[in-house]
Amino acid sequence: MMLLDLNVAHAHQLPFSDGLTRVQAAVRAAPAEFAVVIPTFNERANISELVDRIRSVLADVHWEIIIVDDDSPDGTAEQARALHREDARVRLLHRIGRRGLSSACIEGILASSAPYVAVMDADLQHDPVLLGEMLAILRRGQADIAYASRHCAGGSTGDWDEHRIAASRVATWAANQAISVPLSDPMSGYFAMRRGVMQQVAHRLSGVGFKILLDIILASDRVLRVAEVPLTFASRTRGTSKLSTKVMWEYAAMLIEHRSGGAIRAQDVSNATLAAAGLLANLVILGTLFGLLRCPIGAAAALSGLASCGAVFAISTIVSNRTCGRWRWYLALLPFAGSCTFGIVADGVVTALLFGAGWHWLVSGGCGAMACAALMRRAIRHHL
């Protein structure tokens, strides 16, 4: 408070040209008590309205907004810069070469020194009015984290269809098997917390996927006090939903990482799944061509390498959430297969050499498949 009083006392020294009084300008200069982190990707149409609504709700709070944009092609970052020029409390972190909601939230939280921080989506489906309620809970010391729940009394999922509601129930059940504090909506992406919570868990976070609240709770080495406020999930009116197969995949991988105590990393889950799919496809095709159809072992191995390439491409396409129509799918497969050429050739050569040396065809094929996989790694990383 001494700092605020000092600012007010010297408010006549502060420049102001947007109709603010000197006292209002001094209040704006005070350190932020509450930081609102908003991760964005292609949210240019929504961000200005959201900032205006937050400004109205938090009129009596020293706040700052940190927009973390993953280099949106629609110009979200440029819009955030324009908002900063109007109000310096709106800040931008423009990320290039990095993508992901959880990691964006982590960077945004760590970029602020405010004692309380909140995370919310930019799509206007999270009601900013709840920011005041969650901040009040934290100020009173009632909880370490206050979050908005769609499934508690008074909450609603809005216009969700039956399939999405069913998927949410399954995901909620899975999450509650892993955490010590059962939550009605562990999938929520709208919450506020004390800064100390992030300082405690920052180095143990997975940072994968979209469910940063669950990641924080799973990473804590103590039972956190959690309070919930009811949220009526609004319908998205502009932009497109980020829910995808990739989100669900990363959610499962994050749960596995935390359940294993970090012994199995989320990226390892993806790598192991791709490797298993490629190996299975490889050996099935090899067994069919060589064991049943009696094709030459080298040719059969090369064709099985091509099959494993196709299997890996299909699964990595799903994991990376690449949306492509029928013909675009084929066109995308061609360069991927081309980048796997050395791996396919290596599969045939290694398998033929080992089989010629007296090894069993299954063992020879397995070694050839591993050689193929090793040479396909770069292509897979690029595709993901």
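Trainee: Which side chains meet in a salt bridge with aspartate 144 at 3.3 Å, N to O?
Mentor: In this predicted model, the side chain of aspartate 144 meets that of arginine 225 in a salt bridge, with 3.3 Å from N to O. The pair links distant parts of the chain, since aspartate 144 sits in the loop between H6 and E5 while arginine 225 sits in the loop between H9 and E7, 81 residues apart.

Trainee: And is aspartate 144 buried or exposed?
Mentor: Aspartate 144 is buried, because its relative accessible area is 5% and the cut-off for buried is under 20%. Arginine 225, by contrast, is partly exposed, with a relative accessible area of 39%.

Trainee: What about arginine 222, how does that side chain meet aspartate 144?
Mentor: Arginine 222 also meets aspartate 144 in a salt bridge, here with 3.4 Å from N to O. Aspartate 144 lies in the loop between H6 and E5 and arginine 222 in the loop between helix H9 (212-219) and E7, so this pair ties together parts that are 78 residues apart in sequence. Arginine 222 counts as partly exposed, at 39% relative accessibility.

Trainee: How many salt bridges does the count come to?
Mentor: The count comes to 13 salt bridges. One of the others joins arginine 98 to glutamate 107, with the closest N and O atoms 2.9 Å apart; arginine 98 is partly exposed at 38% relative accessibility, and glutamate 107 is partly exposed as well, with a relative accessible area of 28%.

Trainee: Which residues are linked in a network of salt bridges?
Mentor: Asp52, Arg55, Asp87 and Arg89 are linked in such a network. As a general point, side chains of opposite charge can pair when their charged atoms come close.

Trainee: Let me switch to the core. How many residues has the largest nonpolar core?
Mentor: The largest nonpolar core has 35 residues, and those with the most contacts inside it are Phe34, Val36, Ile38, Ile54 and Leu131.

Trainee: Which element gives the largest share?
Mentor: The largest share comes from H6, which gives 6 residues to this core. A second, separate core has 32 residues, among them Ile145, Ile179, Phe191 and Ile217. In soluble globular proteins, nonpolar side chains tend to be buried together.

Trainee: Back to Ile38, what is it in contact with, leaving aside neighbours within four places in sequence?
Mentor: With those neighbours left aside, isoleucine 38 is in contact with Ile47, Leu50, Ile54, Ile65, Ile66, Ile67, Val68, Met120, Asp121 and Ala122.

Trainee: New topic, aromatics. How many aromatic pairs does the structure hold?
Mentor: The structure holds 2 aromatic pairs. Phenylalanine 290 and phenylalanine 355 form an edge-to-face pair, 5.2 Å from centre to centre and with 80° between the planes. Phenylalanine 290 lies in helix H11 and phenylalanine 355 in helix H14 (residues 341-356), so the pair ties together parts that are 65 residues apart in sequence.

Trainee: Why is the pair of phenylalanine 290 and tryptophan 361 tilted?
Mentor: The ring planes of phenylalanine 290 and tryptophan 361 are at 55°, with the centres 6.2 Å apart, so the pair is tilted; planes over 60 degrees apart would count as edge-to-face. Tryptophan 361 lies in helix H15 (residues 361-383) and phenylalanine 290 in helix H11, so this pair ties together parts that are 71 residues apart in sequence.

Trainee: Is phenylalanine 290 buried or exposed?
Mentor: Phenylalanine 290 is buried, with a relative accessible area of 13%, whereas phenylalanine 355 is partly exposed at 31% and tryptophan 361 counts as partly exposed at 23%.

Trainee: Last one, backbone. What is phi of leucine 124 near?
Mentor: Phi of leucine 124 is near 70°, a positive value in a residue other than glycine. Most residues other than glycine have a negative phi. Leucine 124 is placed in the loop between E4 and H6 and is buried, with a relative accessible area of 10%.

Trainee: And where is arginine 294 found?
Mentor: Arginine 294 is found in the loop between helix H11 (266-292) and helix H12 (297-319). Its phi is near 60°, again a positive value in a residue other than glycine, and arginine 294 counts as exposed, at 63% relative accessibility.

Note on methods. Residues are numbered from 1 along each chain as its sequence is written. Side-chain values use heavy atoms; hydrogens and water are left out. A nonpolar core is a set of buried Ala, Val, Leu, Ile, Met, Phe, Trp, Tyr and Cys residues joined through side-chain atoms within 4.5 Å. Buried means under 20% relative accessible area, exposed over 50%, partly exposed in between (1.4 Å probe, protein chains only). Helices (H or I, at least four residues) and strands (E, at least two) are DSSP runs, numbered from the N terminus. Contact means heavy atoms within 4.5 Å. A salt bridge is a side-chain nitrogen of Lys or Arg within 4 Å of a carboxyl oxygen of Asp or Glu. Rings of Phe, Tyr and Trp (its six-membered ring) pair if their centres lie within 6.5 Å; planes under 30 degrees apart count as stacked, over 60 as edge-to-face and the rest as tilted.
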